[in-house]
Amino acid sequence: MFILVNLKAYPCDPIEVATAARDVAEESGVRIAVSPQAADISRVADTGVETWAQHVDPNGYGSHTGSTLAEAVAEAGAVGTLINHSENRLKLADIDGSIQAADRAGLETCVCGNNPAQIGAVAALGPDSVAVEPPELIGGDVSVATADPGIVTDAVDAAANVDEDVDVYCGAGISTGDDVVTAEELGASGILLASGVAKADDPRAALEDLVSGL
Ligand SMILES: O=C(CO)COP(=O)(O)O
């Protein structure tokens, strides 16, 4: 299982989380990555943790003020990027363009979707992975894997029907090792989470719990 920690714009210490994630990954052998604010990518990557961007724009180099350039986040140390999110909704054409920009820059891609239908649609665009995250469960206490297991299994089927090479992750409300094991049993090969680590009093303990059943 891959554990991808999205720090969103939470007021956590990205270096504390990154250091803990690096150590827990090393100790457990579980792949863990951290996706900080773009401005923090370089110093997060310097900790040695696998580092992802939260977004890249479709554009390449040029006159694109305010854009997040895939080549720039790769140069800063990111090896992957999230694309699309219920909190940062993109049009299908822009998702396609961002995947192509990430591919050009050598970044791994994970495209988020709200439901299995969206997962099928974005899987057709050829990302490395997709993540199903029901918006109503994001930031809550109940894991998607418990609250709505059918969403996970349907997302796994929707992606496989389009492209069997696309990995399927799930997210929303995941905070414990039991949640991770349940997600794995439903067919997910990774989880995407945020508040369970970014808002934890002890991010290291939260990460240790997440990997405890793997
Ligand atoms: O949106 C998410 C990750 O991208 C999930 O957030 P929570 O883990 O806070 O529910």
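Contact here means heavy atoms within 4.5 Å. By that rule, and leaving aside neighbours within four places in sequence, L210 is in contact with I3, I174, S175, T176, G177, V180, I191, L193 and V197. The model is predicted.

**Around L210**

- L210 is a residue of helix α10.
- Its relative accessibility is 0%, so L210 counts as buried.
- L210 and V49 are 161 residues apart along the chain. Their C-alpha atoms are separated by 17 Å.

**The negative patch**

- Which helix gives the most to the negative patch? Helix α1, residues 14–28, does, with 3 residues.
- D201 sits in the loop between α9 (195–198) and α10 (203–211).
- Exposed means over 50% relative accessible area. D201 reaches 81%, so it counts as exposed.

**Salt bridges**

- Side chains of opposite charge can pair when their charged atoms come close.
- E87 and K8 meet through their side chains in a salt bridge, at 2.9 Å from N to O.
- This pair links distant parts of the chain, 79 residues apart. E87 is in the loop between β4 (80–83) and α4 (92–105), while K8 is in the loop between β1 (2–6) and α1.
- R22 and D23 form a salt bridge between their side chains, also listed at 2.9 Å, N to O.
- Buried means under 20% relative accessible area, and partly exposed lies between that and the exposed class. R22 has 25%, so it is partly exposed. D23 has 15%, so it is buried.
- R22 and D23 belong to a network of salt bridges that also links R204.
- D40 and R43 make a salt bridge through their side chains, at 3.4 Å from N to O.
- D40 counts as buried because its relative accessibility is 17%. R43 counts as partly exposed because its value is 43%.

- Most residues other than glycine have a negative phi.
- K8 is not a glycine, yet its phi is positive, at about 45°.
- Where is K8 found? The residue is in the loop between β1 and α1.
- Is K8 buried or exposed? K8 is buried, because its relative accessible area is 13%. The salt-bridge partner of K8 is E87.
- N84 is another residue other than glycine with a positive phi, near 70°.
- N84 has its place in the loop between β4 and α4. E87 is in the loop between β4 and α4 as well.
- N84 has a relative accessibility of 10%, so it counts as buried.

Notes
Residues are numbered from 1 along each chain as its sequence is written. This is a predicted model: local features need pLDDT of at least 70, side-chain atom pairs count only at pLDDT 80 or more; totals for chains, interfaces and linings use all residues. Side-chain values use heavy atoms; hydrogens and water are left out. Helices (H or I, at least four residues) and strands (E, at least two) are DSSP runs, numbered from the N terminus. Buried means under 20% relative accessible area, exposed over 50%, partly exposed in between (1.4 Å probe, protein chains only). A salt bridge is a side-chain nitrogen of Lys or Arg within 4 Å of a carboxyl oxygen of Asp or Glu.
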